[in-house]
Amino acid sequence: MKKALPILVLNGPNLNMLGVREPKTYGKATLRDLEALCKKEAKALGLTVDCRQSNLEGELVTWIQASRKTHAGIIINAGGYSHTSVAVLDALLLIEKPVIEVHISNIYSREKFRHHSLISKAAKGVICGLGIDGYVYALQSMAKLLKSPKSKK
């Protein structure tokens with residue numbers, strides 16, 4: 001039996017500061033807590049995850065490009081790059097795998113510049129405002145997408 005490819009869980013700039021940065025907005029959970037939650041949920045769903053975080057746009061793009069051959073799909077919280085990075089969008093469009101965008105905070109209740117995400121164009125769905133539980137819902141949705149014969153973007 002062929003082993004299923006992992007889901008790439010990407011977190012962008014400043015997400016390494018979870019638990020410290022604006023806890024009223026992002027909660028008290030750390031990145032390590034978030035990753036442990038993802039691993040636990042993935043296991044319950046019969047999936048595996050590869051969790052990564054970078055503050056560097058180019059590194060995120062490189063990981064996304066490489067994932068074409070190594071991962072079944074991507075769950076991404078690109079942080080501030082969600083609103084600014086054509087490069088991340090282009091990489092996500094290239095991979096031809098399911099993408100789910102996640103935001104810990106409700107981007108629509110925050111500053112106006114956060115209301116538009118460039119990378120949403122590449123996503124099957126967007127989850128925002130549900131804290132780190134949004135990653136659980138993203139994994140559940142990804143599991144369903146991967147079972148569907150129409151899982152490719």
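The structure is a predicted model, and its sheet is an open one of 5 strands in the order 2-1-3-4-5, with parallel pairing. The edge positions belong to strand 2 (49-53) and strand 5 (125-128), each of which pairs on one side only, and the twist from one strand to the next averages 20°.

**Strand 1 and its two partners**

- Strand 1, which covers residues 7-11, pairs with strand 2 in the parallel sense over 5 bridges; within this pairing Ile 7 stands opposite Val 49, and Leu 8 stands opposite Asp 50.
- Strand 1 also runs parallel to strand 3, to which it is joined by 5 bridges; here Leu 8 stands opposite Ile 74, while the bridge partner of Val 9 is Ile 75.
- In a regular strand the side chains alternate between the two faces of the sheet. In strand 1, Ile 7, Val 9 and Asn 11 point one way and Leu 8 and Leu 10 point the other way, and all are buried.
- Because 5 of the 5 residues of strand 1 are buried, this strand is largely enclosed by the rest of the structure.

**Strand 3 and strand 4**

- Strand 3 (73-77) is mostly covered, with 5 of its 5 residues buried; Gly 73, Ile 75 and Asn 77 lie on one side, Ile 74 and Ile 76 lie on the other, and both faces are covered.
- Strand 3 and strand 4 run parallel and are joined by 3 bridges, and in this pairing Ile 75 of strand 3 has Ile 100 of strand 4 as its bridge partner.

**Helices 3 and 4**

- The axes of helix 3 (residues 57-70) and helix 4 (residues 86-94) come within 9 Å and cross at roughly 5°, and the two helices are therefore roughly parallel to each other.
- On the side of helix 3 the contact is made by Glu 57, Val 61, Ile 64, Gln 65 and Arg 68, and on the side of helix 4 by Ala 87, Val 88, Ala 91, Leu 92 and Leu 94; by class, these are 7 nonpolar, 1 polar and 2 charged residues.
- Which residues of helix 4 are buried? They are Val 88, Leu 89, Ala 91 and Leu 92, and, seen down the axis of helix 4, the buried residues fall within an arc of 165°, so they line one face of the helix.
- The buried residues of helix 4 pack against helix 3, strand 3 and strand 4 (99-103).

**Leu 92**

- Leu 92 is found in helix 4 and has a relative accessible area of 2%, so Leu 92 counts as buried, the cut-off for that class being under 20%.
- Leaving aside neighbours within four places in sequence, Leu 92 is in contact with Ile 64, Ile 74, Ile 76, Val 99, Ile 119 and Ala 122.

Notes:
Residues numbered from 1 in each chain as written. Predicted model: local features only at pLDDT ≥ 70, side-chain atom pairs only at ≥ 80, totals over all residues. Heavy atoms only, no water. Pairing = 2+ DSSP bridges. Helix = DSSP H or I, 4+ residues; strand = E, 2+ residues; numbered from the N terminus. Axes fitted to C-alpha atoms, helices over the stretch in contact; angles between N-to-C directions. Parallel < 35°, antiparallel > 145°, perpendicular 65-115°, else oblique. Contact = heavy atoms within 4.5 Å. Nonpolar A, V, L, I, M, F, W, Y, C, P; charged D, E, K, R; others polar. Buried < 20%, exposed > 50% of the residue type's maximum accessible area, 1.4 Å probe, protein only. Arc of directions from axis to C-beta.
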